[in-house]
Amino acid sequence: MGGDNFTIGIVGKTETVNELKKICANKTINDKTISILQINATEKVDECQAIFIVHSQSFLLDDVLDLIDKHGTLVITEAKGMLQNGSSINLVKEGDKETFEVSKDALTKQGLKIPDNLLVLAVNVDVGPKF
């Protein structure tokens, strides 16, 4: 997984893809070129280091999570309730403001961490089940 690129897979159709391609052109993460890959359903999700599931494809979250189990893949969604269903980061809108919520539990399951200075910006931080 990975190769010479840091691949962000977009599951579903969104106008954001072209904008992301422009933003990420000639950019790198850890010396890897960022590539944006539009994918249908769950094809090629195992080739991605980050996956964004558009709202209309939220029903595929469980399938995506099964395919990337513990591969260190960041999963980003944009539908209500996705954080509780296993998404790492869920984009939400509060009034006119675009913001996000974070599941520390989901990040930990993927072997990922998020810096504290980013966590404080989240409107909700889910730390997982409390026993």
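Which helix does Leu107 lie in? I looked it up: Leu107 sits in helix H3, residues 104-109. Helices here are DSSP runs of H or I with at least four residues, strands are E runs of at least two, and numbering starts at the N terminus.

A note on the source. This is a predicted model, where local features need pLDDT of at least 70, side-chain atom pairs count only at pLDDT 80 or more, and totals for chains, interfaces and linings use all residues. Residues are numbered from 1 along each chain as its sequence is written, and side-chain values use heavy atoms, with hydrogens and water left out.

Next I checked the cover of Leu107. Its relative accessibility is 4%, so Leu107 counts as buried (under 20% relative accessible area; exposed is over 50%, partly exposed in between, with a 1.4 Å probe and protein chains only).

Then I listed its contacts (heavy atoms within 4.5 Å). Leaving out residues up to four places away in sequence, Leu107 touches Leu74, Ser88, Val102, Leu112 and Ile114.

I turned to the whole chain. I found four helices and eight strands. Their order from the N terminus is β-α-β-β-β-α-β-β-β-α-α-β.

Of the 131 residues, 40% are buried. Among contacts with a separation of 6 or more, 48% join residues 24 or more positions apart. Last, the C-alpha atoms fill a box of roughly 40 × 35 × 30 Å along the principal axes.
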